Number of protein chains: 2
Amino acid sequence: MKNIILTTIALAAFAIAAFGQRAPRPSSPDVHKDNSVTFRYYAPKANEVLLHGEFLEKPLPMTKDTSGIWTLTVPPVKPDIYPYFFAEDGNQLADPNNTYLFANERFKRSILDVPGDQPLVHSLQNVPHGSIQYRYYESSSLGRTREMLVYTPPGYDAFGNKNYPVLYLIHGGSDTQETWTKVGRANFIADNLIAAGKAEPMIIVMPYGNVRPSPMPDFTKDIINDIIPFVEKNYRVIKDKDHRAVAGFSVGGGQTLNIGFTNLDKFSYICSYAPFTMTEEFRKNFTDWKPNAAEINKNLKLFTVSVGTEDFLYESVKQNLAMFEEKGVKVQPIIVSGGHTWMNCKLFLAKTLEQLFK
Amino acid sequence: MKNIILTTIALAAFAIAAFGQRAPRPSSPDVHKDNSVTFRYYAPKANEVLLHGEFLEKPLPMTKDTSGIWTLTVPPVKPDIYPYFFAEDGNQLADPNNTYLFANERFKRSILDVPGDQPLVHSLQNVPHGSIQYRYYESSSLGRTREMLVYTPPGYDAFGNKNYPVLYLIHGGSDTQETWTKVGRANFIADNLIAAGKAEPMIIVMPYGNVRPSPMPDFTKDIINDIIPFVEKNYRVIKDKDHRAVAGFSVGGGQTLNIGFTNLDKFSYICSYAPFTMTEEFRKNFTDWKPNAAEINKNLKLFTVSVGTEDFLYESVKQNLAMFEEKGVKVQPIIVSGGHTWMNCKLFLAKTLEQLFK
């Protein structure tokens with residue numbers, strides 16, 4: 001006991017020596033047994049702090065105590081993973097006391113994980129786990145070295161000899177190559193569905209889709225000319241269109257449509273989630289598009305477009321669906337409730353994984 | 001041109017629809033051609049904002065303009081990667097406009113990357129790249145599933161058949177399993193030294209070293225009973241002590257000494273960086289330690305302790321060195337300038353990689 005106290009004192013001294021005296025670090029977020037959640041934020045001079053969260057209908061005001069800590073407890077939240085942030089007098093900030101951050105280049109958000117009593121499709125469960133690999137490839141299309149993430153399924157290891165189909169999975173507009181794993185939990189979703197026999201073991205490639213300052217079509221070149229050859233050189237994959245799929249969310253959902261339909265010789269599966277299609281590339285590819293619909297319908301094994309009815313892109317996606325239907329291209333709409341969120345993204349991916357390569 | 005304008009408008013509308021109106025997002029940090037750096041931070045109500053950075057002797061005040069943006073340009077900074085943060089009226093915050101964050105559970109810091117004209121040992125260079133893998137293992141010692149990162153060198157792939165030596169590399173006290181790659185760039189350092197023929201190709205395992213609420217010795221059990229067996233089952237490794245090393249920084253440097261010297265049958269290389277040794281585990285292992293120094297010196301191929309002369313642990317590390325010397329255990333001190341920093345950590349690792357498995 002004495003040793004433990006001494007150790008604690010030593011560690012506290014260490015912390016102060018290493019990092020200096022600091023502002024209070026209130027615990028946040030605290031998920032309670034009934035799934036209600038308490039958020040805390042230290043801002044002694046703020047006039048107003050609002051909690052914004054994708055589990056809320058609208059932002060809610062927090063209350064300041066005499067020590068300068070703002071607090072709010074929200075009623076039980078449905079188990080899931082939700083982005084949230086604090087607005088301190090209009091300034092949007094991640095929760096400084098939460099290690100779990102949203103991987104994004106535009107905004108700083110934190111992640112609330114409400115695990116619940118029962119494992120969810122994205123939960124870390126006691127099943128065989130695949131591996132996520134951070135790989136570096138030379139993009140001849142973009143003239144630089146880029147990072148991609150590659151999920152390999154359980155059983156894919158240095159001693160195996162099986163070849164696998166591949167899903168190319170693209171993030172949203174200001175997300176990064178890490179968003180599909182860090183926020184979307186693509187690896188755990190795949191682990192769980194494979195363990196349950198609901199999904200085929202597959203490789204999932206998560207490239208970095210943002211191309212700046214160049215326009216979008218350069219990413220199509222990157223994926224076709226650089227990423228696919230890199231994957232097929234470095235992994236045990238089945239190298240034909242019937243074992244190759246492309247999917248993506250938001251801006252990545254628009255990229256998915258562009259990449260898929262301009263490379264129908266390469267993909268038999270195209271799955272677009274809440275696509276953002278107000279891009280030059282989309283207009284160029286689809287405005288005067290005269291597809292051979294019969295040929296496409298024969299060769300495409302799956303073409304889905306998913307969206308939530310509260311998604312701000314819902315009307316736009318309905319127009320996209322109408323466009324494909326008008327041109328005779330068979331599309332499976334997947335319409336659910338909810339908005340333009342990663343909660344829906346996870347559902348869309350889970351549905352896709354159950355449909356691919358069967 | 002018209003299309004580009006329309007696209008820009010559409011993207012702006014998209015951003016507002018998706019994220020709402022927001023506070024200004026000034027560019028920060030801006031590294032200029034001469035390696036001077038401008039930092040910007042929006043905080044219209046703050047009375048004082050200080051820039052803290054490991055490239056500074058002491059915190060420097062920033063200046064507010066009429067739009068509420070605080071700015072500071074610092075003179076040319078020596079090329080390296082540095083943690084920094086803003087102190088807004090005492091509240092320590094990461095730079096909200098910098099995507100590059102320090103992976104840590106205690107504090108929120110941003111990373112300044114000053115690349116310089118010449119590639120550094122940690123720079124992404126045009127050399128063959130290894131892969132970082134995120135793996136999940138069942139820890140029987142800790143009764144939970146834990147994540148570890150595994151670097152495999154260039155040429156280690158599904159088609160290879162060579163076996164490799166392994167370095168087990170532990171992060172600092174409140175760091176995470178990602179800190180050695182995200183901040184320490186262990187993967188690029190290894191890539192570059194292997195490409196230059198200065199380091200042997202090896203596997204580097206970066207476990208999660210924090211064990212809460214249990215005491216430290218449980219991590220020793222975890223690494224010996226769970227992590228090493230997992231690695232040796234799942235990777236092509238050479239399974240003897242002469243091809244196994246342990247290294248770590250700060251709290252991880254203390255863990256390195258405990259793990260190494262209580263498992264001399266398992267490690268021929270022990271490399272401790274700025275070790276924090278004011279722990280119950282260290283006291284228990286070393287206070288009444290009566291080592292067979294001759295045997296240890298014969299069997300250990302390398303034992304180094306590294307530290308910077310401005311490290312707040314410098315005196316403590318000198319006492320550690322004296323203790324080992326007093327007991328007749330041969331130790332190679334590596335004393336450099338600088339403090340308890342990840343800039344030094346990278347140097348220590350580079351030095352270690354050049355010494356291992358030769």
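**Asking how we know: chains A and B**

Me: What makes β2(B) count as mostly covered?
Reply: Five of the six residues of β2(B) are buried. A residue is called buried if 20 or more other C-beta atoms lie within 10 Å of its own, exposed if 12 or fewer, and partly exposed in between, with C-beta atoms placed from the backbone. Do keep in mind that this is a predicted model, where local features need pLDDT of at least 70, side-chain atom pairs count only at pLDDT 80 or more, and totals for chains, interfaces and linings use all residues. Residues are numbered from 1 along each chain as its sequence is written, while chains are lettered from A and ligands numbered from 1 in the order in which they are written.

Me: How do you know that β2 and β6 of chain B pair?
Reply: Strands pair if DSSP finds at least two bridges between them, and β2 (residues 37-42) and β6 (residues 69-74) of chain B have six bridges, in the antiparallel sense. Across this pair, B:Tyr42 faces B:Ile69 in β6(B). A strand here is a DSSP run of E with at least two residues, a helix is a run of H or I with at least four, and both are numbered from the N terminus.

Me: What makes β1(B) and β2(B) a pair too?
Reply: They are joined by two bridges and run antiparallel, which meets the rule of at least two bridges. B:Val31 stands opposite B:Val37 in β2(B). Five residues lie between the strands of this hairpin, where B:Asn35 has a positive phi near 70°.

Me: Why are β1 and β5 of chain B called edge strands?
Reply: The open sheet has four strands in the order β1-β2-β6-β5 (chain B), with antiparallel pairing. Both β1 (30-31) and β5 (63-64) of chain B pair on one side only.

Me: Why is α9(A) described as largely enclosed?
Reply: Because 10 of its 14 residues are buried, α9(A) is largely enclosed by the rest of the structure. Among them are A:Trp342, A:Phe348 and A:Leu353. The cover over the buried residues includes β7 (80-88), α3 (186-195) and β14 (244-249) of chain A.

Me: How do you know that the radius of gyration of chain A agrees with a compact globule?
Reply: The globule rule is 2.2 Å times the number of residues to the power 0.38, and the radius is taken over C-alpha atoms. With 358 residues the rule gives a value near 21 Å and chain A has 23 Å, so the two agree. In chain A, 45% of residues count as buried.

Me: What makes up the two domains of chain A, and where do their centres lie?
Reply: Domain 1 covers 20-114 and domain 2 covers 131-355, with bounds from an automatic or database domain assignment. Their centres, taken over C-alpha atoms, are 32 Å apart. The contact takes 11 residues from domain 1 of chain A and 10 residues from domain 2 of chain A, where contact means C-beta atoms, placed from the backbone, within 7 Å.

Terms used
Contact = placed C-beta atoms within 7 Å.
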